[in-house]
Amino acid sequence: MDRLALASARVPFNLKVGIVWFAVFLLIVFFFWIAAFDLPWMEEKAGYILGGLRYTLLISLGGIGLAIVLALIGALGRLSHHPIAYGVSGFYTSFFRGTPLIVQMFLWYLALPQIGINLLQKYPGLPAQLKDVLTLDAAIAGTLALGFNYGAYMTEIFRAGIQSVGHGQSEAADALGMTYAQKMRRVILPQAFRVIIPPTGNEFIAMMKDTALVSILGATATTAEMFRRAQLVGKASFKNLEAYVLVAGMYWLLTAIFTFFQRRLERRMSKGYVRAGAGAPMPSAPAGIGA
């Protein structure tokens, strides 16, 4: 046993991981062979399913952009001593974190038009276009649902990032006579974003996968994201298993690509930055502050 342990210790760790991945790959190939997948059909439909990638990315980018804005506002509200700001931000995070994302999507997609109809019936003097304004396309409703939902979760990320900046930075800015907005814009947020950006990248990767939920709203074939397209071609050809396995592989590859860039971003953001901790110095004040 000692000899086996010694021999195993001599094998590089990366080589062991590679062997494990190769074994898993062989199992997947064996599964494909046992399942008798229609590989020519999968090759034929891969291009159509992949065509939904642009809508997947558009929904993700729109959702993460909205989430960042809402998270920043929510975090500032949670840190505020103003009762209205604190109360509204607290309600926002409580509601959107306390209800399922799929329910929120239906609220945006189905409830808003009903609100418009009810308002027009109760107040006939309102513009008739109100119903059209509140009737959203499935992709837009899904983007709003993702943005508001992820913004509620990211509020805590932003709040923690802002609180990670040393109190001395804020005190130095106050001593220079900066307003609250100037202090946040010039001193606090630039340092906080070094902590905020890496987990925000993880949220974006998770949101890309959650765009598949938009398919439940019934997006049209021309504007459908990848999962919706897989549903359509799978049902049309009675090849549901092949379609779902194919789109799962596409999401997996997409996640792997963005995870690679996410790790590079984390390494880049961590250069020259040491978190305050046991024996670690606090981040130095910006030039001209605290002198």
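Visitor: Over the ring of which residue does the charged end of Arg229 sit?

Guide: A charge sits over a ring if NZ of Lys or CZ of Arg is within 6 Å of the ring centre and within 35 degrees of the ring normal. Here the charged end of Arg229 lies over the ring of Tyr48, 4.7 Å from its centre, and that of Arg78 lies over the ring of Tyr86, at 4.9 Å. This is a predicted model, in which local features need pLDDT of at least 70 and side-chain atom pairs pLDDT 80 or more, while totals for chains, interfaces and linings use all residues. Residues are numbered from 1 along each chain as its sequence is written, and side-chain values use heavy atoms, leaving out hydrogens and water.

Visitor: How many aromatic pairs are there?

Guide: Rings of Phe, Tyr and Trp (its six-membered ring) pair if their centres lie within 6.5 Å, and planes under 30 degrees apart count as stacked, over 60 as edge-to-face and the rest as tilted. The count comes to twelve aromatic pairs. One of them, Phe30 with Trp33, is tilted, with 6.0 Å between centres and 40 degrees between planes.

Visitor: Where do Phe30 and Trp33 lie?

Guide: Helices are DSSP runs of H or I, at least four residues, numbered from the N terminus. Phe30 and Trp33 both belong to helix H2 (residues 13-35), three residues apart.

Visitor: Are Trp108 and Phe148 buried or exposed?

Guide: Buried means under 20% relative accessible area and exposed over 50%, with partly exposed in between (1.4 Å probe, protein chains only). Trp108 and Phe148 are both buried.

Notes
Helices (H or I, at least four residues) and strands (E, at least two) are DSSP runs, numbered from the N terminus.
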